[in-house]
Amino acid sequence: MKKHVNPAHAGRTFDALRGLGYDFNSSVADLIDNSITPRVGSSEVNIIFRKEFNKFKNKDRFVLKIIDNGSGMDNDELWNAMTLGADVDESYTKSDLSRYGFGMKTASLAHCQILSVISKKNGKVSGYKWDLNRLVGKKNWEMYELDKLEINNVIEQADIDLGNTWTIVLWNDLFQIEKDYNSYKSAVASENYYYKMIAELKLHLGMVFHRFLD
């Protein structure tokens, strides 16, 4: 019997994982849940959902950021966190989103084309991103390491004071939200859609995390 390595097709695998049924509110809640586990230990989590100027598209585009002040990740830990089906340690419980190494990636890439995660630990900052736009038609699993300029740009747009340890989860190219927002015939209707999303997200997070808010 002869053994052959037959890796999954990267682009099509991510497309398939999008069918797991993550809606916007539950995806954001799952990422927040990751931030407040005892393993991460965040005392503060900031959620930023807004339009920002995209110099590559030359117009405002929606972004979502989850920024926590938890323990952070070093380069190896972040690489592992960004790997599909990565090994996890015994500190993960059955209810943890990333127990099987899929949660953070699938929850995010169900809604965005570009997932970037930047983290600081032990005085060092690391950053990686999945860009599904670059995986179209490709079989290779090509993940990108962010350079210093890209990392600094994300940090500058965080708009909050970052401490000694932190993690930023960033969604860019929110394809379905952009499509729905632009489907309205008037700017007022589009803005109403956006503010309705915010109201529904706040309501959902309030119900999920009421024990912490109380």
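One cavity of 30 Å³ or more is counted in this predicted model. A cavity is a set of points, on a 1 Å grid over the protein atoms alone, where a 1.4 Å probe fits but cannot get out. The largest cavity holds about 30 Å³ of space. Volume here is the space filled by probe spheres set on the points, with grid points joined across faces, edges and corners. Phe14, Leu17, Arg18, Leu84, Lys105, Thr106, Leu109 and Ala110 line the largest cavity; lining residues have an atom within 4 Å of a point. H4 has the largest share, with three. Helices (H or I, at least four residues) and strands (E, at least two) are DSSP runs numbered from the N terminus. By class, the lining of the largest cavity has five nonpolar, one polar and two charged residues. Ala, Val, Leu, Ile, Met, Phe, Trp, Tyr, Cys and Pro count as nonpolar, Asp, Glu, Lys and Arg as charged, and the others, Gly among them, as polar.

The largest pocket has a volume of about 850 Å³. A pocket is an open set with protein on both sides within 12 Å along at least five of seven lines. Its lining comprises 26 residues, of which Asn54, Phe56, Lys129, Asn153 and Asn172 lie nearest the centre. S1, S2, strand S3 (114-121), strand S4 (124-131), S5, helix H5 (148-156) and S6 each give two or more residues to this lining. H5 gives the most, with four residues. The lining of the largest pocket divides into nine nonpolar, six polar and 11 charged residues.

The six strands form an open sheet in the order S1-S2-S6-S3-S4-S5, with antiparallel pairing. Two strands pair if DSSP finds at least two bridges between them. Strand S1 (45-54) and strand S5 (144-145) stand at the edges with a single partner strand each, so one side of each has no neighbour in the sheet. S1 and S2 run antiparallel and are joined by 10 bridges. Ile47 stands opposite Ile66 in S2. The two strands form a hairpin with four residues between them. In the turn, Asn58 has a positive phi of about 60 degrees. Five bridges join S2 (residues 59-68) to the antiparallel S6 (residues 166-172). Ile67 has Ile168 in S6 as its bridge partner.

Two helices lie across S1 and S2. Helix H6 (residues 175-182) runs at about 135 degrees to S2. Helix H7 (residues 187-208) runs at about 165 degrees to S1. Axes are lines fitted to C-alpha atoms, for helices over the stretch in contact (heavy atoms within 4.5 Å), and angles run from 0 to 180 degrees between N-to-C directions.

The chain averages a pLDDT of 87, and 89% of the residues score at least 70. pLDDT is the predictor's confidence in each residue, from 0 to 100. Over residues 90-101 the pLDDT is below 50, yet this stretch has 28 contacts beyond near neighbours in sequence. Where pLDDT is low, predicted coordinates should not be read in detail.

Residues are numbered from 1 along each chain as its sequence is written, and side-chain values use heavy atoms, with hydrogens and water left out. In this predicted model, local features need pLDDT of at least 70 and side-chain atom pairs count only at pLDDT 80 or more, whereas totals for chains, interfaces and linings use all residues.
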